[in-house]
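Here is a short note for a colleague who is opening this model for the first time. Please read the points with the structure at hand.

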Amino acid sequence: MLKIKNLHVSIEGKKILKGFSLDVNAGEIHAIMGPNGTGKSTLAAVLAGKEGYEITDGTVEFEGLNILELEPEERARLGVFLAFQYPVEIPGVSNANFLKAAVNEIRKSKGLDNILPNDFLKMIREKMELVEMSKDFISRSVNQGFSGGEKKRNEIFQLAMLDPKLSILDETDSGLDIDALRIVANGVNKLRTSNNAFIVITHYQRLLEYIVPDIVHVMYDGKIVKSGDKNLALELEEKGYDWVKELDNVPAN
Amino acid sequence: MNIDTLKEYTPKVIESTRQNSLMQAIALGIPSMKNEEWKYTYYNKILQQGFAPTYTPATVNIKKDFIDKHSVSGNNIVFLNGIYQPELSSLKPSAGVVFTNTANTSEQISNDFLIELNNAFATDGLYLEISDNVILTDLIEVLYIQSNTSGIIQHRNKIKIGKHAQVSLAEYYISYDNLPVYVNNVTHIEIDERAIFDSYKIQDGGEVFYITEQTFVQQAKNSTATVNTFSLSGAITRNVLQFDSQDERTLSNMNGLYLLKKNEHVDNRTLVNHNAPNCESNELYKGIIDGNAVGVFNGKIRVAQEAQKTNAFQSNRNILLSEDAAIYTKPQLEIFADDVKCSHGATIAQIEESELFYLQARGIGKDVARGLLVYAFAGELLEKIKHEALKLSLKKRIADLLNIEI
């Protein structure tokens with residue numbers, strides 16, 4: 001589904017990703033772990049199409065299509081979804097209007113008519129239950145005045161509404177208490193199918209107790225330095241990230 | 001039109017007061033950009049379109065369903081090319097409401113060219129008197145419909161609101177055929193003690209519609225007046241809005257939204273004269289400026305020495321959507337009292353990139369995303385509309401202008 005080959009990315013001349021490669025197939029959950037400043041969030045932003053990143057080398061193919069030249073909305077319409085580490089507050093735009101616009105723009109790109117109001121409301125009710133959102137949420141402005149936990153739940157709620165093929169969760173666990181973490185993880189687990197895939201970016205092993213990954217990658221200094229099964233996450237938790245730094249220069253498998 | 005054109009009218013003018021006004025207009029001359037009040041608005045550009053004063057504006061036949069399309073309350077007074085149209089109007093009769101059509105020209109001579117031009121040539125206008133204690137729930141709508149005329153269309157309006165009365169009025173500037181037209185309106189409003197008056201001005205006549213209008217509001221003790229100005233389309237629009245607070249505890253609210261594109265130009269000039277103690281004024285103008293459009297905002301607050309305990313707040317916030325869009329914004333506070341709370345602020349910003357990216361990342365195209373964000377920015381002013389049907393109609397219109405669905 002996703003093939004990243006030898007990706008090099010700079011921000012204002014500073015090299016962040018230095019030969020990052022990754023293959024993700026449908027049905028898989030990949031975890032990417034690593035210390036601060038190794039380029040995990042840059043990877044997420046580049047995949048989603050955020051401006052301000054200079055891609056100096058490498059390719060990113062999504063379902064056989066080079067997506068690096070596409071606008072963020074075009075990638076989203078193809079089925080790439082980024083759950084933001086810091087969801088943006090948008091005063092004055094209600095969640096309902098926002099989601100309706102998103103759902104309809106994606107439908108339009110597939111040649112479908114706008115969703116019927118009743119179907120939209122039904123869909124919202126269903127998906128809200130998934131992440132235990134309160135009812136008043138829908139009329140509130142996007143993320144405005146939301147607690148950290150509510151913002152992250154809102155990301156997963158949007159994920160449920162838009163039903164992407166590939167979801168990138170960028171430190172969705174940061175700032176969550178254990179209850180919110182459980183809600184978010186349950187949401188993701190219910191949305192998991194054999195046709196979609198997840199990349200879970202996280203610092204801590206904690207989230208991976210709830211969302212069990214097929215493959216764990218350790219990232220350091222702009223590339224993957226080690227990959228393994230879920231036990232690698234436990235090993236990292238035990239040994240700490242200093243251990244990872246020693247792994248640098250070891251080729252990834 | 002130029003000053004020589006005006007001189008040709010002098011022999012034809014019969015009434016002496018009109019004659020005096022005409023002479024004064026000629027003496028004052030056409031406003032130039034050297035005049036501080038006209039620094040950013042080139043008045044001659046309007047006249048260069050070929051508009052000239054007239055006592056006999058052209059008439060056209062307009063169907064009733066055109067009126068219905070533009071009226072949200074069905075309680076309306078229709079002017080066509082400056083002349084009242086009783087057969088098209090449908091003002092519901094109501095006790096304590098007097099409406100007549102008449103040019104409410106003034107014998108007082110001013111120092112304003114446009115007031116004197118209006119004084120000399122206004123052919124018709126709205127006279128509305130609301131008796132004491134009358135509370136009207138129906139919105140009164142005034143439709144200024146223009147159609148294919150090179151005549152300068154001038155309404156001269158006078159509105160009197162009695163003690164404890166409550167009334168809402170909406171004025172619409174409408175084009176029938178999208179041909180160039182110019183309207184120069186002057187309105188005087190007197191609001192008596194404890195009365196509440198809400199006014200909505202909807203300027204949406206299209207890209208070749210020119211407006212200069214001046215509204216003067218006098219407020220007696222404990223009265224509340226709110227004027228909401230929505231400038232949604234128009235070639236050149238210049239709005240002068242003046243509040244005079246003459247006695248204690250008046251509340252004056254001025255809200256404005258201007259949505260400019262292409263080569264449109266809107267100049268909003270407001271003046272609040274606080275002449276008595278314990279009064280309050282609130283002003284919020286927001287602008288969204290795209291293309292090569294230009295916005296001008298000049299907000300002046302004068303607090304006289306005896307107007308202690310005045311609270312006066314002013315804010316002008318702008319979003320520029322293009323490199324070539326411009327806004328000239330200037331607050332002016334003249335405060336002679338020492339125990340007052342006054343504040344003003346002006347901001348000029350662009351669309352927040354992080355917000356735009358967030359929306360795009362959910363599949364929303366850049367244009368629609370921008371539209372949603374601009375709509376949100378305008379929302380604060382739309383929410384101030386107290387009349388639900390009018391609010392809904394303006395929300396739809398603004399969403400249409402921004403190419404979004406709400």
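Is K108(A) buried or exposed?

1. K108(A) is exposed, because its relative accessible area is 56%. Exposed means over 50%, buried under 20%, and partly exposed in between, with a 1.4 Å probe and protein chains only. The residue sits in helix α3 (residues 95-109) of chain A. R77(A) is 31 residues away from K108(A) in sequence. In space, their C-alpha atoms are 9.3 Å apart.

2. A word on the basis. This is a predicted model, in which local features need pLDDT of at least 70, side-chain atom pairs count only at pLDDT 80 or more, and totals for chains, interfaces and linings use all residues. Residues are numbered from 1 along each chain as its sequence is written, chains are lettered from A and ligands numbered from 1 in the order in which they are written, and side-chain values use heavy atoms, with hydrogens and water left out.

3. Overall form of chain A. The chain has nine helices and 12 strands. These are DSSP runs, numbered from the N terminus: helices are H or I with at least four residues, strands are E with at least two. For 253 residues, a compact globule would have a radius of gyration near 18 Å, and chain A agrees because it has 18 Å. That radius is taken over C-alpha atoms, and the globule rule is 2.2 Å times the number of residues to the power 0.38. Along the principal axes, the C-alpha atoms fill a box of roughly 55 × 40 × 35 Å.

4. Burial and contacts. In chain A, 53% of the 253 residues are buried. Take the contacts between residues at least 6 apart in sequence: 69% of them join residues at least 24 apart. A contact means heavy atoms within 4.5 Å.

5. The sheet in chain A. Four strands form an open, antiparallel sheet in the order β2-β1-β4-β5. Its edge strands are β2 (14-24) and β5, each pairing on one side only. Two strands pair if DSSP finds at least two bridges between them.

6. Strand β1 (residues 2-11) of chain A runs antiparallel to β4 (residues 54-62) of chain A, with seven bridges. I4(A) faces V60(A) across this pair. H8(A) has D57(A) as its bridge partner in β4(A). In a regular strand the side chains alternate between the two faces of the sheet.

7. F62(A) stands opposite L65(A).

8. Helix α1 (residues 40-48) of chain A. G49(A) follows the helix, and its phi is positive, near 95°.

9. Chain B. Here 10 strands form an open sheet with mixed pairing, in the order β3-β2-β6-β9-β11-β13-β15-β17-β19-β21. L80(B) stands opposite I145(B) in β6(B).
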